[in-house]
Amino acid sequence: MTSYVMISGATGGLGKAFAVECAARGYALYLTDLRPAPLALLAAALGRTYGVPVRWQACDLTESAQRAALFETIAAERVSFWGLVNVAGLDHEGLFLEQTRARIRTILRLNIEGSLELTHALLGLRDRATTFRIVNVASLAAFFPMPYKATYAASKRFLLDFSLALAAELAADDVTVTALCPAGLPTTPDCVDAIAAQGWLGQITTQNIGAVAAGTLEAALRGRPVYIPGALNRLLQTVGGLIPRSLIARLVNARWRAARQRPAAPAPQPTLAFRPQQA
Amino acid sequence: MTSTLIGKTIVVTGATSGIGLATAEALVRAGAGVIGVGRSAARCREAELRVRKLSQTGHVTYCTADLTQQVEVRRLAEAIRRLVAGAEQPRLDGLVNNAGTFTYWLALTPEGFETQWALNHLAPFLLTQELLPLLQAAPQARIVTVSSASHYHTDLKWDDIQLRRNYNGLAAYNQTKLANVLFTAELNRRLGPHASVRAFAADPGLVQTDIGLKGTPALVQRFWTLRRAGGIPAAEAARGILFLLAEAAIQESQQVYWKHGRPQPPSRQATDVAAAQRLWALSAQMCGCQA
């Protein structure tokens, strides 16, 4: 029986890169994202280009009723899974007090609730014949407190710690969990502008999404708990780990405030930022 | 013995700026009707007005299509078929596959293809397939695909042809320009030596366009601004394309690659028949057409 890999946020920049990489490797795909039309378009093209089965189902993962409906549909289809890539996530950048409570809630619901419920549901539908691979898209921001992205960075920290704990819990059950922690990715024109605005630092910390997707799958297949794409980003994480976290928060805060006060500059973006895939 | 372009209808993609716009302008000056294609509706309207002013007949129509998407290429082909069917002279005499891009960071289209591969190679491939019956209905027709001397610097990386895993914008661009030559050669081989439709790959030379300025980092923009200063105006590149569309004497020419109205030897990789056939089959699969 065909066993699938599920990708959430599949029509966004990074999600699409995972979908293409998996299809190119010959994996059967189950894609989900917010809107049906882009899913149908991507699924058809991947199916015909790579000759793999591609299923899809639109779902707003921030809504528990829609999540429940998705899980019911999958169960009714009697599909089994050997992998899950939790890509769907979002951020509303800016000061905490500038956010509405609805926006804060949406970040938590998508980044945390959505990912955890999808993980829980798919582990229940796993293909017992093989190892189950989970990839959670966290961020380099998961390692640091990030003013102006406070909720987002903390939600990614949640995913990182959750991934490590779950990996330990399920190691004996032939399940691996890999947390992907990338720096900023050039997934949308806005992100590209933001990287350009960071000058050379943005340039050298930025990785192409195709290489990130391929490297992440390699890391997941080897059962690596954490994957940080790019040697320089790994160095940043290591060095950052030596600095007191409260100091990092103050430094990031100062840098962002300065960036915000520069007139006519594009929207400020710290280097250690991962932009959302699902708006 | 140049034959006339008067009364002919030519499709030009990427016709709102650079080489495409210059080609559209030169075509209407020579008395041809033009169906221009651009991505932005506003820029299409602007170019349509500008080109129509130069036209004696007023046969200038622009269509909006984002050619990075195959659904849009097919929709465009349908729109062109309707336009041609409704014209006084329902015929299509030429297609200029000019639209092209350079993308610094890897970006995937909604259909999951690398953007340069989709726009620079797959779009010409698919649009040509779609319009071929119409072109074959004309007494003589030409398909000109704008390639580049960039094609000399590469071969095709078959194990990762879109360079997704190891992306470099320029390497990916070079590959698409090689693909343009291979596609043209294979198209001619399939059409046969005495076909009414003939395909050519045009090397426009180094042209003063904005290709290196769109969505690229500041350093790339500075480099391109310096480099293009030594280039030729787009109108000069357009002359070479008009030659390939109009010159009767080259209808049965075995030369595939032309620069400024003269045949040039393409790279060794570009004359590899097996590679051309393999690329054709792969492109057909990617576009969902018959190989």
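**Notes on the A/B model**

1. Let's start with helix H3 of chain B, where Gln70(B), Glu72(B), Val73(B), Leu76(B), Ala77(B), Ala79(B), Ile80(B) and Val84(B) are buried. Keep in mind that this is a predicted model. The cover over those buried residues includes H2 of chain A, along with strands S1 (9–13), S2 (33–38) and S3 (60–64) and helices H4 (115–137) and H8 (273–287) of chain B. The helix length checks out too: H3(B) runs over residues 70–85, and its 16 residues should span 22 Å at 1.5 Å a residue, which agrees with the 23 Å between its end C-alpha atoms.

2. On to the interface. 22 residues of chain A touch 22 residues of chain B. About 1900 Å² is buried between the two chains, with carbon and sulfur atoms giving 56% of that. On the chain A side, Leu41(A), Arg48(A) and Asn208(A) lose the most area to chain B, together 29% of what that side buries.

3. Polar links are there as well: 10 residue pairs are in polar contact across the interface. Helices H1 (13–24), H2 (36–50), H6 (189–197) and H8 (209–221) of chain A each supply at least two residues of the side touching chain B. H2(A) gives the largest share, 6 residues. By class, this side of chain A has 13 nonpolar, 5 polar and 4 charged residues.

4. The interface has 2 salt bridges. In one of them, Glu21(A) pairs with Arg165(B), the closest N and O atoms being 3.0 Å apart. Glu21(A) is in helix H1 of chain A, while Arg165(B) is in the loop between strand S5 (141–146) and helix H5 (169–191) of chain B. How exposed are the two partners? Glu21(A) counts as buried, at 0% relative accessibility, and Arg165(B) is partly exposed at 33%. Both belong to a salt-bridge network that also links Arg25(A), Glu218(A), Arg222(A) and Arg164(B).

5. Within chain A, have a look at Arg67(A) and Glu117(A), whose side chains meet in a salt bridge at 3.0 Å, N to O. This pair links distant parts of the chain, from helix H3 (residues 64–77) to helix H4 (residues 101–123), 50 residues apart. Arg67(A) is buried at 1% relative accessible area, whereas Glu117(A) is partly exposed at 32%.

6. Last, Thr178(A), which sits in strand S6 (residues 175–180) of chain A. Thr178(A) counts as buried because its relative accessibility is 0%. Beyond its neighbours within four places in sequence, Thr178(A) has contacts including Ile134(A), Val135(A), Asn136(A), Ala219(A) and Tyr227(A).

Notes:
Residues are numbered from 1 along each chain as its sequence is written. Chains are lettered from A and ligands numbered from 1 in the order in which they are written. This is a predicted model: local features need pLDDT of at least 70, side-chain atom pairs count only at pLDDT 80 or more; totals for chains, interfaces and linings use all residues. Side-chain values use heavy atoms; hydrogens and water are left out. Contact means heavy atoms within 4.5 Å. Buried area is the accessible area (1.4 Å probe) that two parts lose on being put together, summed over both. A salt bridge is a side-chain nitrogen of Lys or Arg within 4 Å of a carboxyl oxygen of Asp or Glu. A polar contact is a pair of N or O atoms within 3.5 Å; within protein, one must be able to donate a hydrogen and the other to accept it, and residues adjacent in sequence count only if both atoms are side-chain atoms. Helices (H or I, at least four residues) and strands (E, at least two) are DSSP runs, numbered from the N terminus. Ala, Val, Leu, Ile, Met, Phe, Trp, Tyr, Cys and Pro count as nonpolar, Asp, Glu, Lys and Arg as charged, and the others, Gly among them, as polar. Buried means under 20% relative accessible area, exposed over 50%, partly exposed in between (1.4 Å probe, protein chains only). The expected span of a helix is 1.5 Å times one less than its number of residues.
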